Amino acid sequence: MTVLVPLVVLLPLLGAAVALTQAKHPRLQTFIAVGVLGVVLIIGVILLFAVDDHGAIAVAIGGWDAPVGIVLVVDRLAALLLVISAAVLLSVLVFSVGQGLADGDRETPVSIYYPTYLILATGVFNAFLAGDLFNLYVSFEILLVASYVLITVGGTELRIRAGVTYIVVSLVSSVIFLAAIAMIYASVGTVNIAQLAVRIGELPHDIQLVLHVMLLVAFGIKAAVFPLSFWLPDSYPTAPAPVTAVFAGLLTKVGVYAIMRTEMIMFPGNELNTPIMIVAALTMIVGILGAVAQADIKRLLSFTLVSHIGYMLFGIGLGTAAGLAAATYYVVHHITVQTTLFLAAGLVERQGGTTSINRLGGMLKASPMIGVLFFIPLLSLGGIPPFSGFLGKLALFEAGAQDGSVLAWVLIASGALVSLLTLYALARAWSMTFWRDADEVADYDNPLPVLSQVGVVTEVKSTRSIPRIMVGATAAMVALSISLTVFAGPLYNVSSRAGDNIDGPEYYITLVVTGESE
Amino acid sequence: MSVSLVLVAVMAVLYSCGVYLLLERSMTRVLLGFLLVGNATNLLILVVSGRAGAAPFYGESDPLADPLPQAFVLTSIVITFGVSAFLMALIYRSWRLAHADVVEDDTEDVAVGRRDVSVAAEPEIASDDTEFGTRATAAVSTAVDLAEQERLEEAERLEMLHRFEEQLRREVEPLDTASLDAEPLDAERLDPDHTESTDGDRP
């Protein structure tokens with residue numbers, strides 16, 4: 001079983017290298033990318049079952065033992081996120097393959113797309129497995145550099161402008177993270193997360209606080225937590241639809257995951273829980289107010305993304321095993337649903353030629369399938385039973401009620417409010433795009449001919465059909481999000497065992513230091 | 001643990017200059033700022049690694065220097081290098097596209113500020129009682145309307161040309177009237193065909 005763990009990181013990296021050498025054979029590149037992610041998904045599932053049955057696995061790389069060498073750790077939380085992110089990456093890849101085929105860019109493909117995508121996957125997987133703070137930094141850099149390339153792919157003026165904002169903000173967060181690592185190393189002399197957890201407790205209180213806040217700020221920028229979230233709605237919507245989808249699903253969640261690790265293992269005290277809960281409430285409310293004001297579907301979704309980060313922070317801020325379990329389930333739900341919504345928005349853009357709800361209309365008649373594919377994740381994100389969004393919120397509110405403090409109740413109230421506002425913003429977008437007739441739209445003109453003149457899409461005008469692969473990939477994501485409801489029982493049990501695990505750092509420490517679990 | 005004061009001072013200067021440059025709008029300066037901040041962080045890692053010592057893994061003589069922070073610094077130098085190469089390509093691309101390396105306002109943000117993208121698609125009449133007031137219009141015109149800016153610049157250039165012409169005429173005119181009054185030989189001197197022969201006489 002230990003052999004499988006490094007493969008999760010190695011396979012996509014090697015796949016990227018091979019794909020890069022095959023720049024002239026896009027078909028082969030596609031095959032490599034899909035194959036690698038498929039294999040990682042299978043490994044992820046195997047690891048999840050193994051870890052859930054036999055306890056977590058820690059692998060020291062290169063034969064150096066724990067405090068010296070780099071450790072990869074798979075516990076339930078990491079394995080769960082590994083599986084879900086591999087599934088999401090695979091579906092989005094298939095979606096973009098469909099889009100690439102339909103755009104007829106077999107002759108002039110962006111030959112770096114697939115290798116970069118695989119490197120992004122490497123970074124995400126490595127971040128989930130990292131048992132070493134510096135390794136976490138490196139995996140952040142891997143995924144960020146890949147994301148810089150993907151967000152500016154094609155190099156149009158809009159994307160460059162959006163990319164610059166994104167890149168500069170990410171660079172600042174990386175510098176803060178690196179500086180935090182330097183400070184941590186200065187104060188405890190190690191970057192191994194398990195060893196850190198032991199030694200940080202012996203530090204004076206104020207130094208602990210400084211280190212803790214620095215890490216939270218660095219991760220908070222990546223997770224798009226309220227005062228640090230301004231960059232996200234600015235930069236995500238201009239990227240190609242599949243890229244936005246995968247960024248929205250995974251990149252912010254990597255930040256959330258890092259915050260979870262920080263709170264639960266490195267700084268297990270409940271010291272900063274109150275500020276985290278306040279920030280969670282602000283993230284929810286400010287984010288959703290932004291979404292309500294938007295007329296562009298992609299920007300609207302970006303704001304809901306920011307807003308729902310607040311729910312996960314709520315679970316983390318509670319600091320209890322129940323809160324963590326709920327946050328874990330919510331992360332899984334949100335990765336799936338938010339990605340699906342962005343993919344569906346990509347389909348809308350393809351079919352309607354725009355994502356502005358002022359210019360769209362009559363889509364339900366034109367393509368009922370897209371309407372359904374958009375509607376189901378919409379209900380889920382809005383928290384309508386029986387979808388996974390409802391279950392996640394219910395679990396969070398239950399954990400909050402168990403906590404019973406005034407702040408927790410305030411958060412429950414704002415969570416319910418934000419859930420309604422999410423439903424309002426998304427339902428408004430849906431009904432204007434799909435429900436109303438095209439002739440209700442003031443001076444409606446079919447934007448497709450315009451598109452074909454611009455030369456963005458050439459085939460849409462003649463056929464106006466959506467490739468089956470794209471619809472299929474989106475439908476698979478919808479099915480995945482529904483399966484989160486169907487298998488909510490076992491999934492929630494895994495989440496709550498994961499919550500139990502990382503609630504106490506002792507488990508993690510003994511695992512990494514002695515190499516044995518339970 | 002002893003710390004070299006010089007390193008700390010250099011680090012502080014690098015950080016402050018870097019942060020200042022990062023806040024600029026010009027992307028080239030942002031790149032320079034990033035380089036400074038990155039190097040300041042590398043210095044921070046060196047500073048925290050403790051006192052200098054013999055090369056690790058080499059001799060038995062202690063005290064050895066701590067090798068781990070040096071590995072960190074090497075890694076982060078490589079990352080900084082790659083990212084700055086990418087940023088330079090981006091700046092070049094931006095220059096090719098827009099002939100500007102400034103970070104522009106997000107047009108959607110400005111539009112939301114003007115509220116002309118709301119659901120009812122209201123016309124722009126309400127633009128001067130929004131929170132941005134009339135400034136939003138100005139922001140939009142400077143942010144996106146490069147053509148307008150070009151026209152302005154063109155007009156400015158034309159005006160300067162005019163002014164220059166005027167000035168020239170004003171200077172030449174007295175000369176002309178003077179030359180009319182003077183002997184015809186003087187007027188001939190201004191003739192370009194005869195310049196070669198009279199070069200030495202010209203002021």
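Helices here are DSSP runs of H or I of at least four residues, and strands are runs of E of at least two, numbered from the N terminus. The model is a predicted one, in which local features need a pLDDT of at least 70 and side-chain atom pairs count only at pLDDT 80 or more, while totals for chains, interfaces and linings use all residues. Residues are numbered from 1 along each chain as its sequence is written, and chains are lettered from A, with ligands numbered from 1, in the order in which they are written.

Helix α1(A) bends by about 30° at A:L10, and a proline, A:P12, follows within four residues; the bend at a residue is the angle between axes fitted to the seven residues ending there and the seven starting there. Among the buried residues of α1(A) are A:V5, A:V8, A:L11 and A:P12, together with A:G15 and A:A19, where a residue is buried if 20 or more other C-beta atoms lie within 10 Å of its own, exposed if 12 or fewer, and partly exposed in between, the C-beta atoms being placed from the backbone. An α-helix has 3.6 residues a turn, so residues three or four places apart point the same way.

According to an unreviewed UniProt entry, the annotation "domain: NADH:quinone oxidoreductase/Mrp antiporter transmembrane" covers residues 130–414 of chain A; UniProt positions are given in the numbering used here, feature names are shortened, and annotations may be inferred rather than shown by experiment. Over residues 130–414 of chain A the chain is 80% helix and 0% strand, with end C-alpha atoms 34 Å apart.

The contact between the chains takes 30 residues from chain A and 32 residues from chain B, two residues being in contact if their C-beta atoms, placed from the backbone, lie within 7 Å. On the side of chain A that touches chain B, the elements that give two or more residues are α5 (133–151) and α6 (157–188) of chain A, and the largest share, 16 residues, comes from α6(A). The residues of that side divide into 19 nonpolar, 5 polar and 6 charged, where Ala, Val, Leu, Ile, Met, Phe, Trp, Tyr, Cys and Pro count as nonpolar, Asp, Glu, Lys and Arg as charged, and the others, Gly among them, as polar. A:A186 lies in helix α6 of chain A and, with 19 C-beta neighbours inside 10 Å, counts as partly exposed. The C-alpha atoms of A:A186 and A:L20, 166 residues apart along the chain, are separated by 40 Å.

Chain B contains 8 helices and 0 strands, and 17% of its 203 residues count as buried. An unreviewed UniProt entry places the feature "transmembrane region" at residues 6–23, 30–50 and 70–92 of chain B. Residues 30–50 of chain B are 90% helix and 0% strand, with end C-alpha atoms 31 Å apart, whereas residues 70–92 of chain B are 100% helix and 0% strand, with end C-alpha atoms 33 Å apart. B:F81 is placed in helix α3 (residues 67–98) of chain B and counts as exposed, with 12 C-beta neighbours inside 10 Å.

The predictor gives the complex an ipTM of 0.83 and a pTM of 0.81. Chain A averages a pLDDT, the predictor's confidence in each residue from 0 to 100, of 84, and 91% of its residues score at least 70. Chain B averages a pLDDT of 71, with 59% of the residues scoring at least 70; within chain B, confidence is lowest in helix α5 (residues 135–143), at a mean of 38, and highest in helix α1 (residues 5–22), at 93. Over residues 117–144 of chain B the pLDDT stays under 50, and for this stretch the model has 35 contacts beyond four places in sequence.
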